[in-house]
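Subject: Structure handover

Hi,

Here is the structure I promised you. Please open it first, then read my notes below.

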Amino acid sequence: MKLKQIVAYADDVVLLARSWKACKEIFHRLQNEATLVGLTINEDKTKHMQIKRMGIKDITHLKINNFAFENVENFSYLGSILNADNKMNMEIAERISKGNKAYYAKAKLIKSKFLKKNTKMTSPVVTYSSETCTLTVEDQNNLRIFERKILSKIFGPVSIDNMWRIRNNMEIDKLVEGADIVRSIKAQRIKWLGHVQRMDQTRPTRKLLDWKRMGIRPVGRPRQ
C-alpha cells in the first residue's frame, strides 16, 4: 500500500509516505500547488527523516530535482520533538528543559511573597501536547523530580527549631493535596480520548482510533 499524506498547520507542512518514490510524488504535487499561489519551498528549513522499526536507516540526503534535503534523526514540529526511533524520552527531556527555562526566567516572580502560590506553576510548559505521550517509569520519575523541585521553590523552606530546611516530599504532597504531574498527564490523555470518541466517524483521528492492524505482528515485544 502506498500511503501518501500531507499534514499541514498554517505554513508547517509534513509529507508522509511509505516509500521514497511515493515521497517524491507527493512532493511534486505540493510544489506544483505552491507555485500556483506564488509560494516557494525553503530548502534550508526542510528536512527529511526515515522511520524504521528495525534495520539500518539511509543517512543520505534526499534529492528531488534541484533540492537536496538534509537527513535528520529528530526535528521539532509544532513545538514537539519527533525522532526516527519514535520514542518519547527525548520529548520528555525537552519539555523538562523548557520548564526549567520558564522557571529561571520567572524566578523572581516565583519566589515573590506578593503572588499567590497557585499562580506560580510552570506545569503547562511541561505538559504541552502530553495528551499523546506514552510515559515509561523513567519518564514519570523525571517529571516528578522536576515538579518537586519547582514546588519546593514555590513553597520555600520550613523553619524547625530556628533551623531552616527544604521541605520533604511528604510535606509538599500535603500542601498540594496529592496533586501530581503524572496523574495530571494521564487525566489529560483520558480527556483527549473522550474528545476523539465523540468525533464523527469520518474524521481521520477517529478512523485511526478504530483502525485494526492487518497482517502478522513482527517478532518481539511491542514497543510501549
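Which strands do the buried residues of α1 pack against? They pack against β1 (4–9), β2 (12–17), β4 and β5.

Some ground rules before the rest. This is a predicted model, where local features need pLDDT of at least 70, side-chain atom pairs count only at pLDDT 80 or more, and totals for chains, interfaces and linings use all residues. Residues are numbered from 1 along each chain as its sequence is written, and side-chain values use heavy atoms, with hydrogens and water left out. Helices (H or I, at least four residues) and strands (E, at least two) are DSSP runs, numbered from the N terminus.

**The helix**

Helix α1 covers residues 20–36, which makes 17 residues. From first C-alpha to last it reaches 25 Å, close to the 24 Å expected at 1.5 Å a residue. (The expected span is 1.5 Å times one less than the number of residues.) The buried residues of α1 are A22, C23, I26, F27, Q31 and A34. Buried means under 20% relative accessible area, exposed over 50%, partly exposed in between, with a 1.4 Å probe and protein chains only. After α1 comes G38, with a positive phi near 80°.

**The sheet**

Three strands form an open, mixed sheet in the order β3-β5-β4. Two strands pair if DSSP finds at least two bridges between them. β3 and β4 stand at the edges with a single partner strand each, so one side of each has no neighbour in the sheet. α1 packs on this sheet and touches β3, β4 and β5. Contact means heavy atoms within 4.5 Å. The direction of α1 makes about 50° with that of β4. Axes are lines fitted to C-alpha atoms, for helices over the stretch in contact, and angles run from 0 to 180 degrees between N-to-C directions.

Now the pairings. β3 (residues 47–48) and β5 (residues 67–71) run parallel, joined by 2 bridges. H48 stands opposite N71 there. β4 (residues 62–64) and β5 run antiparallel, with 3 bridges. L62 has F69 as its bridge partner, and K63 stands opposite A68. The hairpin of β4 and β5 has 2 residues between the strands, and N65 takes a positive phi near 55° in that hairpin.

**One serine**

S80 sits in strand β7 (residues 80–83). Why does S80 count as buried? Because its relative accessibility is 13%.

Best wishes
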